[in-house]
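Visitor: I am new to this structure. Please take me through one part of it closely.

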Amino acid sequence: MNASQDGWMARAALRSAAWAERWFPDAWVFAALGVVVVALAAFSFGATPTATVTAFGDGFWSLIPFTMQMAFVVIGGYVLATAPVVARFIDVLARAPRTGRGAIVYIALVSMLASLLSWGFSLVFGGLLVRALARRGDLHMDYRAAGAAAYLGLGAIWAMGLSSSAAQLQANPASMPPGLLAITGVLPFSQTIFLWQSIVLTAVLIVVSLLVCWFTAPSDANARTSRDFDVGETSTPALPPRTRPGEWLEYSPALSMAIGLLGLGWLGHEFASKSAVTAIANLNTYNFLFLTLGILLHWRPRSFLDAVSRAVPSTSGVLIQFPLYGGIAALLTHVPGADGATLAHRLSNLFVHVAGTESFPAVMGAYSAILGFFVPSGGGKWLVEAPYVMQAANDLHVHLGWAVQVYNAAEALPNLINPFWMLPLLGVLGLKARDVVGYTFIQLVVHVPLVLGMLWLLGLTLSYVPPVMP
């Protein structure tokens, strides 16, 4: 890219990425610091040590069902994206682009559309599509910009789709902490991701993101291809041959067919007895669908199990951080101060004083985006924020479903430059965060005013609906 294209923002992004890689600790450290800060805040308002430690311990394991559900979102997405038949489908998709710049825009579109189904699937599927396009000798595609485009699903709109942690949690009362359920009630998808306002915002973000990809993609003459990064030809290991008789069932499709047919039968009954929106809003059904398809498309149990083994390391952050978020949520909602008020109540009062009914979406969006730099977890961060921001939404008579979507749209913003969620994609591509973050930073600069402005404008079209309890 020449000097006129590589402006000061891109250079600043590369410097900030290098700084973050050097100085930012693991995301678990931020979660642990959150526990300490919230506990100290509770003490400062007169909470007793007994009440504080009891709430933390009681809340620590309160999110086990939701933690496992989020882990299976990652596993199911990875397993499905790496199935052999999906790999062949990716090779077919890779034939479409005719230019390097067109390929980058194409990758961004596919990644964002895939993220509306599953962010875990989007990351791996987008990465494999980049690899397939990089193998084409007739395309001079910049590998860094292509990697950034593949990340746009998670960095731009993932939380507006079916795998939105906040929307899924709010639609599943069995997975919610009791303190949050009492504040928000149940919010079905029709009140969150399927609002027409949410669909309009998602469509605008897709179009704008594609335009930014087009105008920031290097020309063929200035592109750095995969060969410049010494990237190999394959990213998914081939199935090793059977070496002993005891493995014959692992390599036979019989078990996969049996389990898959049972799973499809249950899914058929589930979708026949309920509306599609109600059925897919259940996280267990959502994960069951992805795993069933993964089992069938991998065909052989050994292939399926190998894919699961490769996916599991990507769930470590979810497994070790969510218990801390559960403890934080309990500290916020269950520990009274000297005057009987909880921290969630105090924070909601602060939001009520700072924001009005009309300005609440913009204020909450800015706050959620800033907090997202330090707590890079859509579901975990929602459990930290929701008790007080949703209470403030109730007090200000802001549409509760739109408050969830404000969170969803704003929460994705820091993902654009935070390397935490890039790791699965970077592993597929063989790149480092600093290789792609210069391009995603430009997306961030464009998205911030666009998202906050549209959240405010579209919020004016919605009216408050009181919480509906299950």
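**Two loops and a helix pair**

Guide: Start with Trp-299, which sits in the loop joining helix H15 (283-298) to helix H16 (301-311). The model is a predicted one. Trp-299 is not a glycine, yet its phi is positive, near 70°. Is Trp-299 buried, exposed or partly exposed? Its relative accessible area is 37%. Buried would need under 20%, and exposed over 50%. Trp-299 therefore counts as partly exposed.

His-397 lies between helix H20 (378-396) and H21. Here too the residue is not a glycine, and the phi of His-397 is positive, at about 60°. The relative accessibility of His-397 is 48%, so this residue is partly exposed.

Next comes H21 itself. Helix H21 covers residues 400-411 and packs with helix H19, residues 360-372. How far apart are the axes of H19 and H21, and at what angle do the helices pack? The axes are 8 Å apart, and the angle is about 40°. That angle makes H19 oblique to H21. The crossing of H19 and H21 is right-handed.

Which residues meet there? H19 brings Phe-360, Pro-361, Met-364, Gly-365, Ser-368 and Ala-369. From H21 come Trp-402, Ala-403, Val-406, Tyr-407 and Ala-410. Sorted by class, the contact holds 9 nonpolar residues and 2 polar ones. No charged residues take part in the contact of H19 with H21.

Key. Residues numbered from 1 in each chain as written. Predicted model: local features only at pLDDT ≥ 70, side-chain atom pairs only at ≥ 80, totals over all residues. Heavy atoms only, no water. Axes fitted to C-alpha atoms, helices over the stretch in contact; angles between N-to-C directions. Helix = DSSP H or I, 4+ residues; strand = E, 2+ residues; numbered from the N terminus. Parallel < 35°, antiparallel > 145°, perpendicular 65-115°, else oblique. Left-handed = near helix turned anticlockwise from the far one by under 90°. Contact = heavy atoms within 4.5 Å. Nonpolar A, V, L, I, M, F, W, Y, C, P; charged D, E, K, R; others polar. Buried < 20%, exposed > 50% of the residue type's maximum accessible area, 1.4 Å probe, protein only.
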